[in-house]
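Subject: Structure handover

Hello,

Here is the structure we discussed, with the sequence. My notes on what was found in it follow below.

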Amino acid sequence: MQIENATVDSTLLEHMFLDFMQMKEFANDPVVMKRASGVWYEDINGKKYIDGISGVFTVNIGHGNRRVIDAMKAQLEEITFAPPLHSTNVRAIELTKLVSALTPGDLHTMKYFSGGSEATEAAMKLARQYHKQTGNPGKYKVISRYESYHGATLGALAASGVARRKTSFEPFGAGYVKVFPPTCYRCPYGLQYPECGVLCAAIIEKVIKQEDPSTVAALIVEPIGNTGGIITPPEEYFHILREICDKYNVLLIHDEIITGFGRTGEMFGSQTFHTTPDIICMGKGMSSGYSPVGAIAISDRIASAFYGKAEENKQFNHGHTFGGNPLSAAAAIAAISEIKERGLPEKGKRAGERIWHRVEEMKDTGVIGDIRGKGLLVGVEFVKDPKTKEQFPDDTRFGLRVGKSALKRGLVLRNDPHWVAFAPPLIISDSEVDMMMDIFADSVKEAVASVV
Ligand SMILES: Cc1ncc(COP(=O)(O)O)c(C=O)c1O
């Protein structure tokens with residue numbers, strides 16, 4: 001990659017808000033990317049970074065993919081916007097054929113959006129409308145989990161369970177109920193798997209009963225929860241959820257905005273856990289970030305409640321200007337075809353195993369508490385004492401120290417005060433994994449040295 005040297009007028013950064021970012025701090029030492037190719041970024045100063053989290057769990061096929069670029073160029077010449085209130089377009093129909101053949105079970109009906117928050121909002125709205133028009137108008141509550149993140153818009157945030165992202169905007173609308181997530185390493189009930197009987201799943205039946213089943217519309221969960229630190233449940237968890245939802249006519253929504261499109265070793269996280277929800281929410285990796293796109297895939301049973309005569313007014317009363325946009329659809333078709341035809345979920349899984357192995361080898365640092373995840377989504381929880389699982393004090397921000405050191409050394413990681421996550425593009429080579437893990441090892445060493 002060839003780029004010219006450039007500097008940034010940092011006063012302009014005073015007029016930008018980046019995501020969840022303190023701009024004053026950022027402006028002191030800004031990172032401004034200029035180009036990207038494969039698993040590599042290059043910033044305006046020519047510094048290179050390994051993309052250890054696919055942008056933000058998005059660029060699953062890697063940067064600069066020729067097939068996607070060519071498909072988008074061709075689409076630009078053909079049509080870039082079709083009137084959404086009057087028509088659909090050829091690419092959106094082709095995308096429906098492609099995705100509905102890849103989803104588990106009978107999730108054959110698609111609705112498109114421009115991102116993940118729109119998808120989760122729509123899934124919850126669809127659940128409410130479904131119950132209204134199938135004789136259960138009192139079902140409106142949504143059960144979700146603490147430590148989850150379902151998006152930044154008000155409904156999606158109300159269903160999310162991360163206090164630091166929510167409290168500035170409270171109060172939210174009524175009808176959002178939370179349960180504890182399956183954080184086995186730090187079980188909220190102080191139990192041990194498998195003797196626990198997967199209480200974190202079983203207890204949802206009790207919650208539904210306490211809330212009154214005639215008021216509960218949906219349960220929304222991520223197959224693997226990112227914001228809580230790559231929360232990875234045992235497989236029975238999802239089977240129990242499925243049974244409970246069927247018993248109480250509660251729609252099971254899987255938020256696969258991170259886990260979809262190859263991240264967990266299969267096309268969808270639902271397949272990795274051998275389960276079929278009623279609705280899957282998609283975003284991020286659907287177009288690998290080449291154009292904004294999101295979607296929900298809906299089961300035949302649920303979708304059929306939305307077909308009827310015009311006067312019955314059964315259509316899904318929901319829409320966004322950019323849903324099913326032909327340019328985004330063209331990008332998504334090309335990106336998903338790359339994942340499917342090149343066997344990227346399987347390739348990613350092997351890279352994930354290599355990362356896992358390298359982290360195992362770092363246990364002598366004395367700060368590796370837990371390694372978890374599936375496929376090429378690997379979380380590492382840091383602890384002060386692996387035997388007792390004692391955490392570093394919150395204000396030590398150990399994981400953030402590791403993340404900062406990694407960024408300085410040219411590695412972009414997802415980091416949190418107590419953990420970091422790896423989710424590089426599925427195309428990452430063995431030697432690139434090794435380079436990434438060398439940087440990580442040095443970063444952990446630096447963080448350890450800084451706290452002793
Ligand atoms: C699991 C999950 N759901 C929903 C969203 C919201 O997606 P978006 O940022 O595209 O609106 C995110 C974003 O990070 C996410 O990780």
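Ser-117 places a polar side-chain atom 2.5 Å from an oxygen atom of the ligand. Please keep in mind that this is a predicted model, and that the distances here are computed from it. The residues surrounding the ligand are Gly-115, Gly-116, Ser-117, Tyr-149, His-150, Gly-151, Glu-222, Asp-255, Ile-257, Ile-258 and Lys-284.

Lys-284 also deserves a look for its backbone. Its phi is positive, about 30°, although Lys-284 is not a glycine. Lys-284 sits in the loop that runs between strand 9 (279-282) and strand 10 (294-299).

Two cis peptide bonds are on my list as well. One joins Glu-170 and Pro-171, with omega at about 5°. Pro-171 belongs to the loop between helix 7 (163-166) and strand 6 (176-179). The other runs from Tyr-193 to Pro-194, with omega near 5°. Pro-194 is found in the loop between strand 6 and helix 8 (199-211).

Now the domains. The chain is divided into domain 1, made of 10-64 + 346-451, and domain 2, which covers 67-341. In the contact, domain 1 takes part with 35 residues and domain 2 with 33 residues. Taken over C-alpha atoms, the centres of domain 1 and domain 2 are 27 Å apart.

How much area is buried between domain 1 and domain 2? The figure is about 2700 Å², and carbon and sulfur atoms give 56% of it.

As for polar interactions, 18 residue pairs are in polar contact between domain 1 and domain 2, counting pairs with both residues at pLDDT 80 or more. On the domain 1 side that touches domain 2, the elements giving two or more residues are helix 2 (54-57), helix 13 (344-360), strand 11 (368-374), strand 12 (377-382) and strand 15 (419-422). Strand 11 gives the most to this side, with five residues. By residue class, the side of domain 1 that touches domain 2 divides into 15 nonpolar, 11 polar and nine charged.

The structure holds 26 salt bridges, and three salt bridges are found across the interface of domain 1 and domain 2. Asp-416 forms a salt bridge with Arg-164, where the closest N and O atoms are 3.6 Å apart. Arg-91 and Glu-94 form a salt bridge too, at 2.9 Å from N to O. Where do Arg-91 and Glu-94 lie relative to each other in helix 4? In helix 4 (residues 90-100) Arg-91 and Glu-94 are three residues apart, so about one helical turn separates them.

Regards

Key
Residues numbered from 1 in each chain as written. Predicted model: local features only at pLDDT ≥ 70, side-chain atom pairs only at ≥ 80, totals over all residues. Heavy atoms only, no water. Domains from an automatic or database assignment. Contact = heavy atoms within 4.5 Å. Buried area = accessible area lost by both parts, 1.4 Å probe. Salt bridge = Lys/Arg side-chain N within 4 Å of Asp/Glu carboxyl O. Polar contact = N/O pair within 3.5 Å; in protein donor to acceptor, adjacent residues only side chain to side chain. Helix = DSSP H or I, 4+ residues; strand = E, 2+ residues; numbered from the N terminus. Nonpolar A, V, L, I, M, F, W, Y, C, P; charged D, E, K, R; others polar. Near = heavy atom within 4 Å.
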